[in-house]
Amino acid sequence: MRIGRAPILLTAVALASALTLTACTDGGKPAGSGGGNYVSGPTGVDVVAKADRVPAPKLEGETVDGTTLDTAALKGKVVVLNVWGSWCPPCRAESKHFAKVAKELEAAGQPVAFVGINTRDNSKQNAVNFEEDAGITYPSLFDPDGKLILRFPKGTLNPQSIPSTIVIDKDGKIAARTLVAVGESTLRKMIDPVVAEK
């Protein structure tokens, strides 16, 4: 009786594996793509060709430091959105790279604006301390409930994890995304091609 069950169990496992693999892909597109026309690179960066980009949602509200910000006012610049939380170790690890690249691009007069989206922090003070420790001088929208993140349409390069980084082109369209912590080199590879676009 036990010998007869082994082949059935192996067949069931193989069938379940095949169904799982089929469910995770769609004609070679990344899982969760929703039919989006983007390509995932080897570094985990998803990139969209200029002709296939969709508009980023309007993001506005109170910042961590108590002022207000509306990303619509940044149209004409490349916007680098970084979703982070003070409680997130990978966010802490990447924050120094964001601070450095933001300062370098500003000093070089590049048309780039960095904006953070602080999420799942119940205390603004934790977020303020995080930014001070990291040397971050650009604004961060305070989004403790993740409502701003939910404005990104499904099937687009939306932020699905913390940290996430999204690059929005000068026309206000989503150009690139990564769902992992990044270093300076990867960050520049995401930003520089979009800045160079005509």
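Visitor: At what angle do the axes of helix α2 and helix α3 cross?
Guide: This is a predicted model. In it, α2 covers residues 89-107 and α3 covers residues 124-134. Their axes come within 9 Å. The crossing angle is roughly 55°.

Visitor: Are α2 and α3 parallel, perpendicular or oblique to each other?
Guide: The axes cross at roughly 55°. Angles under 35 degrees count as roughly parallel, and 65 to 115 as roughly perpendicular. The crossing of α2 and α3 is right-handed. The two helices are therefore oblique.

Visitor: Which residues of α3 meet α2?
Guide: On the α2 side, the contact uses Cys91, Arg92, Ser95, Lys96 and Ala99. By class, the contact of α2 with α3 has four nonpolar, one polar and three charged residues. The α3 residues are Phe130, Asp133 and Ala134.

Visitor: Which residues does Ala134 contact, leaving aside neighbours within four places in sequence?
Guide: Ala134 lies in helix α3. Its relative accessible area is 16%, so Ala134 is buried. Its C-alpha is 9.0 Å from that of His97, a residue 37 places away in sequence. The contacts of Ala134 are Ser95, Lys96 and Ala99.

Visitor: Which residues of α4 meet α2?
Guide: Helix α4 spans residues 184-196, and its axis lies 9 Å from that of α2. The α2 residues in this contact are His97, Phe98, Lys100, Val101, Glu104 and Leu105. By class, the contact of α2 with α4 has five nonpolar, one polar and four charged residues. From α4 come Glu184, Leu187, Arg188 and Ile191.

Visitor: Is the crossing of α2 and α4 left-handed or right-handed?
Guide: The two helices pack at an angle of about 45°. That makes α2 oblique to α4. The crossing is right-handed.

Visitor: Which residues does the disulfide join?
Guide: A search of the whole structure finds one disulfide. The S to S distance is 2.4 Å, and the cut-off is 2.5 Å. The link is right-handed, with 80° about the S-S bond. The partners are Cys88 and Cys91.

Visitor: Is Cys91 buried or exposed?
Guide: Buried means under 20% relative accessible area. Cys88, its disulfide partner, has 3% relative accessibility and so counts as buried. Cys91 has 1% relative accessibility, so the answer is buried.

Visitor: Where is Pro163 found?
Guide: Most peptide bonds are trans. The bond joining Ile162 and Pro163 is cis, with omega about 5°. Pro163 is found in the loop between β7 (140-143) and β8 (164-168).

Visitor: Is Arg120 buried or exposed?
Guide: Arg120 sits in the loop between β6 (112-119) and α3. Its phi is near 60°, a positive value in a residue other than glycine. Most residues other than glycine have a negative phi. At 58% relative accessibility, Arg120 counts as exposed.

Visitor: How many helices and strands does the protein chain have?
Guide: From the N terminus on, the elements run α-β-β-β-β-β-α-β-α-β-β-β-α. The secondary structure comes to four helices and nine strands.

Visitor: What share of contacts between residues at least 6 apart in sequence joins residues at least 24 apart?
Guide: The protein chain has 198 residues, and buried residues make up 39% of them. Now take the contacts between residues at least 6 apart in sequence. The share joining residues at least 24 apart is 68%.

Conventions. Residues are numbered from 1 along each chain as its sequence is written. This is a predicted model: local features need pLDDT of at least 70, side-chain atom pairs count only at pLDDT 80 or more; totals for chains, interfaces and linings use all residues. Side-chain values use heavy atoms; hydrogens and water are left out. Axes are lines fitted to C-alpha atoms, for helices over the stretch in contact, and angles run from 0 to 180 degrees between N-to-C directions. Angles under 35 degrees count as roughly parallel, over 145 as roughly antiparallel, 65 to 115 as roughly perpendicular and the rest as oblique. A crossing is left-handed if the near helix is turned anticlockwise from the far one by less than a right angle, and right-handed if clockwise. Contact means heavy atoms within 4.5 Å. Ala, Val, Leu, Ile, Met, Phe, Trp, Tyr, Cys and Pro count as nonpolar, Asp, Glu, Lys and Arg as charged, and the others, Gly among them, as polar. Buried means under 20% relative accessible area, exposed over 50%, partly exposed in between (1.4 Å probe, protein chains only).
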